[in-house]
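Please read this briefing beside the sequence and the 3D view.

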Amino acid sequence: MKSVFFIIVLVSIFVSMASAIPGTATFYQQYTPSACYGSTPEGVMIAAASDPLWDGGAICGKMFTVKCTGATNPVPHRCYEGKTVTVKIVDHCPGCGGTLDLSKEAFESIANPVAGVIKIEYW
């Protein structure tokens, strides 16, 4: 029975990783007002969606798991190996430099904020 459970866990991990979407992430620090929720705070594990993801706000409230996969510049120790963070889309970042603009708290849970911009996978 334990081996069946272990196999199910492994398969679910591989399926999640196989459906990961590559992108880049930046971070921001002023969380309200937001395009999705106005002046209502939504916590600090949040993100803003870039123009290609925004879809007129249809993405508001969607949750993503994000993992740092590498640097876009030569900052040492940029990714915290094996760490992921789950964020809620609460805002729009028109013209931002990444796929997702993470809150500073979310960014620094997976990467060194000195990096500024990182490569990510999200699902």
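When the bonded cysteines of the protein are numbered in sequence order, they pair as 1-2, 3-4, 5-6. The count comes to three disulfides, a disulfide being a pair of cysteine sulfur atoms within 2.5 Å. The model is a predicted one, in which local features need pLDDT of at least 70 and side-chain atom pairs count only at pLDDT 80 or more, whereas totals for chains, interfaces and linings use all residues. Residues are numbered from 1 along each chain as its sequence is written, and side-chain values use heavy atoms, with hydrogens and water left out.

**The three disulfides**

- Cys36 and Cys60 form a disulfide with sulfur atoms 2.0 Å apart, and the torsion about their S-S bond is about -75°, so this disulfide is left-handed.
- Cys36 lies in the loop between strand 1 (21-28) and strand 2, while Cys60 lies in the loop between helix 2 (51-54) and strand 3, so the pair ties together parts that are 24 residues apart in sequence. Helices (H or I, at least four residues) and strands (E, at least two) are DSSP runs, numbered from the N terminus.
- Cys60 is partly exposed, with a relative accessible area of 27%; buried means under 20% relative accessible area, exposed means over 50%, and partly exposed is in between, with a 1.4 Å probe and protein chains only.
- Cys68 and Cys79 form a disulfide whose sulfur atoms are 2.0 Å apart, and with -60° about the S-S bond this link is left-handed.
- Cys68 lies in strand 3 and Cys79 in the loop between strand 3 and strand 4, so this pair ties together parts that are 11 residues apart in sequence; Cys68 counts as buried, at 6% relative accessibility.
- Cys93 and Cys96 form a disulfide with their sulfur atoms 2.2 Å apart; Cys93 counts as buried at 7% relative accessibility, whereas Cys96 is partly exposed, with a relative accessible area of 24%.

**Around Tyr37**

- Tyr37 has its place in the loop between strand 1 and strand 2, and at 26% relative accessibility Tyr37 counts as partly exposed.
- Leaving aside neighbours within four places in sequence, Tyr37 is in contact (heavy atoms within 4.5 Å) with Glu42, Cys60, Gly61, Lys88, Ile89 and Val90.
- The C-alpha atoms of Tyr37 and Gly61 are separated by 9.2 Å, although the two residues are 24 residues apart along the chain.

**The overall fold**

- The protein has three helices and six strands, and from the N terminus on its elements run α-β-β-α-β-β-β-α-β.
- Six strands close into a barrel in the order 1-5-2-4-3-6, with mixed pairing, where two strands pair if DSSP finds at least two bridges between them.
- Of the 123 residues of the protein, 36% count as buried, and residues 24 or more positions apart account for 78% of the contacts with a separation of 6 or more.

**Strand 2 and its partners**

- Ile46 and Ala48 point one way from strand 2 (residues 46-49), Ala47 and Ala49 point the other way, and all are buried.
- Strand 2 and strand 4 (residues 84-92) run parallel and are joined by four bridges, with Ala47 standing opposite Ile89 in strand 4.
- Strand 2 pairs with strand 5 (residues 100-103) in the antiparallel sense over three bridges, and in strand 5 the bridge partner of Ala47 is Leu102.

**The nonpolar cores**

- A nonpolar core is a set of buried Ala, Val, Leu, Ile, Met, Phe, Trp, Tyr and Cys residues joined through side-chain atoms within 4.5 Å.
- The largest nonpolar core has 23 residues, of which Val66, Val87, Leu102, Ile110 and Ile118 touch the most other members; strand 2, strand 3 (63-71), strand 4, strand 5, helix 3 (104-110) and strand 6 (118-122) each supply at least two residues of this core.
- Apart from this core lies another, of six residues, among them Tyr28, Ala48, Val90 and Cys93.
- Not counting residues up to four places away in sequence, Leu102 touches Ala25, Thr26, Phe27, Tyr28, Ile46, Ala47, Val66, Val87, Phe107 and Ile110.
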